[in-house]
Amino acid sequence: MASVLEELQKDLKEVKVLLEKSTRKRVRDALTVEKNKIETEIKNKMQQQSQKKSELVDSEKPAAVVAPLTTGYTVKISNYGWDQSDKFVKIYITLTGVHQVPIENVQVHFTERSFDLLVKNLNGKNYSMIVNNLLKPISVEGSSKKVKTDTVIIILCRKKAENTRWDYLTQVEKECKEKQKPSYDKETDPSEGLMNVLKKIYEDGDDDMKQTINKTWVESREKQAKGETEF
């Protein structure tokens with residue numbers, strides 16, 4: 001486990017270096033998503049190590065003072081719903097029997113662009129939900145949680161900018177949806193579409209590709225200046 005953790009920490013360090021050097025928004029967004037993913041993995045690994053150490057200490061204690069059996073493993077929460085009001089973004093999570101655990105076992109940690117839910121020892125299991133890269137900043141102090149009825153947890157993220165609409169919960173969700181949209185406009189000049197394609201090829205290409213495109217562009221401009229047309 002230690003070697004895996006060390007590798008993750010090395011990966012995180014390298015991603016941070018790339019993020020500092022990156023200037024393009026699209027690349028920075030991708031690196032930010034990867035950084036948050038690695039940080040979450042590191043956090044989970046560290047929690048597993050801590051839990052194993054705790055279990056090892058408990059196993060060495062005399063039988064008379066052994067603590068009650070702790071939870072076996074952590075279940076990731078993937079199903080949820082959400083809506084919003086002028087002031088809050090509300091996330092609804094369904095966990096049967098959640099009202100039976102002590103309120104201190106339902107923990108939520110907020111940052112300006114994320115939240116981390118952990119429900120401890122519910123029917124012998126932990127339940128975890130981590131949401132990073134919220135679409136817009138939230139107020140940490142104004143955010144909170146509620147346990148409603150016997151199945152529902154509501155996470156209340158206070159909007160930093162009230163009366164603004166969130167079309168998506170996270171930035172990643174927004175980017176995924178936008179990628180699915182057609183990248184062209186029927187009313188746009190076809191030559192503009194071609195220029196966009198060439199621009200993308202230029203940005204993604206190696207030095208040889210960039211030199212070739214530059215050379216072709218210069219030759220084309222020279223021919224236009226002379227009144228020539230290529231077919």
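This briefing covers the strands, cysteines and selected residues of one predicted model.

Local features need pLDDT of at least 70, side-chain atom pairs count only at pLDDT 80 or more, and totals for chains, interfaces and linings use all residues. Residues are numbered from 1 along each chain as its sequence is written, and side-chain values use heavy atoms, with hydrogens and water left out. Four strands form an open sheet with mixed pairing, strand β8 pairs with β3 and with β7, and the disulfide count is zero.

**The four-strand sheet**

- The strand order in the open sheet is β1-β6-β5-β4, and the pairing is mixed. Strands are DSSP runs of E with at least two residues, numbered from the N terminus; two strands pair if DSSP finds at least two bridges between them.
- The edges are held by β1 (74-76) and β4 (106-111); each has a single partner strand, so one side of each has no neighbour in the sheet.
- From one strand to the next, the twist averages 20 degrees. Axes for such angles are lines fitted to C-alpha atoms, and angles run from 0 to 180 degrees between N-to-C directions.
- Six bridges link β4 to strand β5 (residues 114-122), in the antiparallel sense.
- Opposite Val-108 stands Leu-117 in β5.
- In general, strands of a sheet pair through backbone hydrogen bonds, either parallel or antiparallel.

**Strand β8 and its partners**

- Strand β8 covers residues 152-159, and six of its eight residues are buried. Buried means under 20% relative accessible area, exposed means over 50%, and partly exposed lies in between (1.4 Å probe, protein chains only).
- Strand β3 (residues 88-94) pairs with β8 over seven bridges, antiparallel.
- Val-89 faces Cys-157 of β8 as its opposite residue.
- Strand β7 (residues 138-148) also runs antiparallel to β8, and seven bridges join the two.
- Lys-145 has Ile-155 in β8 as its bridge partner.
- The hairpin of β7 and β8 has three residues between the strands, and Thr-149 in this hairpin takes a positive phi near 50 degrees.

**Ser-139**

- Ser-139 is placed in strand β7, and its bridge partner in β8 is Arg-158.
- With a relative accessible area of 17%, Ser-139 is buried.
- Leaving out residues up to four places away in sequence, Ser-139 touches Arg-158 and Lys-160. Contact here means heavy atoms within 4.5 Å.

**Cysteines**

- There are zero disulfides in the model, where a disulfide is a pair of cysteine sulfur atoms within 2.5 Å.
- Cys-157 is buried, at a relative accessible area of 1%.
- Cys-176 is partly exposed, at 43% relative accessibility.

**Asparagines with positive phi**

- Asn-121 is not a glycine, yet has a positive phi of about 55 degrees.
- Asn-121 belongs to strand β5 and is partly exposed, with a relative accessible area of 39%.
- Asn-133, also not a glycine, has a positive phi of about 55 degrees.
- Asn-133 sits in the loop between β6 (125-131) and β7 and counts as buried at 15% relative accessibility.
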